Amino acid sequence: IILQIFIPNAMPSLPRLGVFGTGFASHKCIPICRKIGFEVTAVWGITLEKARTLASEFDVPFYTSTLGDILIRSDVELVMILTPPNLHAEISVKALSAGKHVIVEKPPSLSVADVEKMVTTARYYPMLLSALDSNLRFLPAFTRMRELVAAGYCGDVLVTEARLHHPPIVADKPYSWLCDEAMGGGVLSLSGGQLIDVMGFVTRQRAVQVNGFMETFAKESASVRGYRAI
């Protein structure tokens, strides 16, 4: 969905892609990218073993756990950052500084200071693509809602409300960054920004105030408990 920003018929060739991250999103995005014509030339993992496993699974020619190894490669022109959110800012800034186009998964980062750094760097390199994955905007339900609001179906929109019932993030999985707020884990980090963004997209307005309430009902699982409880 996010790769609709590239139109194959309007470009002489699609940029060659380097993927940062080895989790669920990478396993979904790599085959989709290939299907629409992208060549995936390199992958990065937090450990060399994770990078090797992903590269082997999808037959990617180069893998590494060293950030700079991908950024210095001439066969990587676009990077897709699908890592835990606490790494987004560092990789984005370094990738843009190395002359790479950047698509980064939401949330962009964990602090206003880091996001401002990312935006400043993007503005410094206006010839490079810098995009945040706001994929909910492309769902047919939300594009239709946007059309209806624009046509006056709801009148003047002053307040919007959204309720999200999220299943357990970890379930039977082992402890990971998804459990750790400091690394960008938790439903608020993973989905809160998405809700705010899609409300702005549907109403064509920028939020001036956001209020929310969140409760974690399942704080432990068979593998996540004790001092590591969510």
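Gln 194 touches Lys 106, Asp 133, Ser 134, Asn 135 and Leu 136, where residues up to four places away in sequence are not counted and contact means heavy atoms within 4.5 Å. Gln 194 lies in helix H7; helices (H or I, at least four residues) and strands (E, at least two) are DSSP runs, numbered from the N terminus. With a relative accessible area of 9%, Gln 194 is buried. Buried means under 20% relative accessible area, exposed over 50%, and partly exposed in between, with a 1.4 Å probe and protein chains only.

The model is predicted: local features need pLDDT of at least 70, side-chain atom pairs count only at pLDDT 80 or more, and totals for chains, interfaces and linings use all residues. Residues are numbered from 1 along each chain as its sequence is written, and side-chain values use heavy atoms, with hydrogens and water left out.

Leu 17 is placed in strand S1. Its contacts, not counting residues up to four places away in sequence, are Cys 33, Glu 39, Val 40, Thr 41, Ala 42, Leu 78, Val 79 and Met 80. Leu 17 and Glu 39 are separated by 22 residues in sequence, and their C-alpha atoms are 6.0 Å apart in space.

Why is helix H4 described as largely enclosed by the rest of the structure? Helix H4 spans residues 88-97, and it is largely enclosed because seven of its 10 residues are buried. These are His 88, Ala 89, Ile 91, Ser 92, Val 93, Ala 95 and Leu 96. The elements that cover the buried residues of H4 include S1, helix H3 (67-71), strand S4 (78-81), strand S5 (101-104), helix H5 (112-124) and strand S6 (130-132). After H4 comes Gly 99, whose phi is positive, near 85 degrees.

The aromatic rings are considered next. Rings of Phe, Tyr and Trp (its six-membered ring) pair if their centres lie within 6.5 Å; planes under 30 degrees apart count as stacked, over 60 as edge-to-face and the rest as tilted. By this rule there are two aromatic pairs.

| Pair | Centre to centre | Angle between planes | Class |
|---|---|---|---|
| Phe 20 and Trp 44 | 5.7 Å | 40 degrees | tilted |
| Tyr 124 and Tyr 125 | 5.1 Å | 80 degrees | edge-to-face |

Phe 20 and Trp 44 are both buried. Tyr 124, by contrast, is exposed at a relative accessible area of 63%, and Tyr 125 is partly exposed at 21%.

Finally, empty space can be described. Rolling a probe the size of a water molecule over the atoms shows where such space is left. On a 1 Å grid over the protein atoms alone, a pocket is an open set of points where a 1.4 Å probe fits, with protein on both sides within 12 Å along at least five of seven lines; lining residues have an atom within 4 Å of a point. Of the 41 residues that line the second largest pocket, the closest to its centre are Gly 23, Phe 24, Ala 25, Leu 82 and Trp 177. The largest share of this lining, six residues, comes from H1.
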